[in-house]
Amino acid sequence: MSVQKHLCVIGAGVVGTATALNLLRDGHRVTMIDRGPPGEATSFGNAAVIEPHGVIPVPRPGVLWRVPGYLMNPRGPLAIRWAYLPRLTPWLARFVWNSRPAKVKRSTEALDKLLRPVIELWRELLASIGAEDMIHERGWLAVAETGPVWREYQRQIEVHRRYGAPPIVLKPEEIRQHEPSLAPLNFAGAAFYPKVAHVVSPLRIVQVVAGAAQREGAALVRDEILGFEQRDGKVVSLKGRESSYPCDGVVLTGGAWSRGLAAALGARIPLDTERGYHVMLPNAGVEPRQPVLSLEGGYVATPLEHGLRVAGTDELGGLKLAPNWQRAQVLLDAAKRWFPQVNTEGATRWMGFRPSLPDSVPVISAAPSASNAWLGFGHGHLGLTMGARTGQLIAALVAGRDPGIDMKPYRADRF
């Protein structure tokens, strides 16, 4: 196929690199632009899970009433940095609005349409670049330690069944038979999801995809994009801190840093961040058979090629405040409790920024005020999960092809 356009992709994380590769294969000339090396921002530190059943949005009935209990527990799954609360308040108001049952149903259906083919698409993409060994489909195990949490989780299990992802429910006495590395705790119940995959390294998967894109002709530029030059309703150049970049079109996949640039393209998006943490144990000495999720703590322990990662929790605090490393200590303490034989020597810690929208549904859309600009961000906890899918859909939008699903739920102007 002959080259059609020169497209600049802003952001070289998991979504941006997968998008770039799809655009290249449609015959476009592609330049990837990022402030840092591929995969070294948010994509670096995620839990490595590809989760097709993640259809339940974060805002949902009853979640608001649990927030005070979360905030009173310094070791709980949610924290708010109070210095950031005035700026966060409009986002929280939209979050509450989106927790109404009718809105939750629409968000769930929108997520389901995105998520159903994600493992297949990742397998196809990785196989096409000779990296199919980077993904393992071993399922994951969601475990509850307390009766109230387990009983509440039954409602989520019913939703998963309704949307085609039924788990295998385990009795307390069956949990350690299924996952022998766990401590002999008094678990209340667990659900094993066989149709879940994980990658051996979130960083390396982005590096491998970016490398494949470069081999297929993409350019990679280190710069921070500050704005656009627009003429006659089109972007004609990107304004970087170091240089400018003439182009025939632009795709914004900048994750949590996308809000200002999206506004310059006519999209006023209520994007904020859920700051996530991880601890990495390079010599853990234990390796779960699959990722293990704590329903109480909101963290996941995932076996990676370079050790055991315990990742998760939510902290609402924006992009600028310093990390609260006590959140990482909570994860380290959880690893010691769940895996009594774990070796924590050489442990490292990390904090990153999930790009989060108040309805949990990403923006995958044409930009409102530039006919040659497209948006792909706001994936929340599902950036890795949806990376290959988003790349496929944006390439279809750029080409004017039928993407195979109704794209209205992901439009930038829905807010």
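How many salt bridges does a search of the whole structure find?

Reply: The model is predicted. A search of the whole structure gives 16 salt bridges.

Start with R354 and D314. Their side chains meet in a salt bridge, 2.5 Å from N to O. R354 lies in strand β19 (residues 348–356) and D314 in strand β18 (residues 307–316), so the pair ties together parts that are 40 residues apart in sequence. Both partners fall under the 20% cut-off for buried. R354 has a relative accessible area of 13%, so R354 is buried. D314 is at 14% relative accessibility and therefore counts as buried.

Next, E229 and R231. Their side chains also form a salt bridge, at 2.8 Å, N to O. E229 is at 32% relative accessibility, so E229 counts as partly exposed. R231 has a relative accessible area of 45%, which means R231 is partly exposed.

Then R411 and D413. The closest N and O atoms of this salt bridge are 2.6 Å apart. R411 is partly exposed, because its relative accessible area is 40%. D413 counts as partly exposed, because its relative accessibility is 48%. There is also a network: salt bridges that share partners join R81, R275 and E315.

Even so, α3 has a kink of about 30 degrees, centred on W91. W91 is buried, and so are L88 and F95 in α3.

Last, D333. This residue sits in helix α10 (residues 326–338). Its relative accessible area is 25%, so D333 is partly exposed. D333 and R161 are 172 residues apart along the chain. Their C-alpha atoms are separated by 33 Å.

In the pair E229 and R231, E229 is partly exposed and R231 is partly exposed. In the pair R411 and D413, R411 is partly exposed and D413 is partly exposed.

Note on methods
Residues are numbered from 1 along each chain as its sequence is written. This is a predicted model: local features need pLDDT of at least 70, side-chain atom pairs count only at pLDDT 80 or more; totals for chains, interfaces and linings use all residues. Side-chain values use heavy atoms; hydrogens and water are left out. Helices (H or I, at least four residues) and strands (E, at least two) are DSSP runs, numbered from the N terminus. Buried means under 20% relative accessible area, exposed over 50%, partly exposed in between (1.4 Å probe, protein chains only). The bend at a residue is the angle between axes fitted to the seven residues ending there and the seven starting there. A salt bridge is a side-chain nitrogen of Lys or Arg within 4 Å of a carboxyl oxygen of Asp or Glu.
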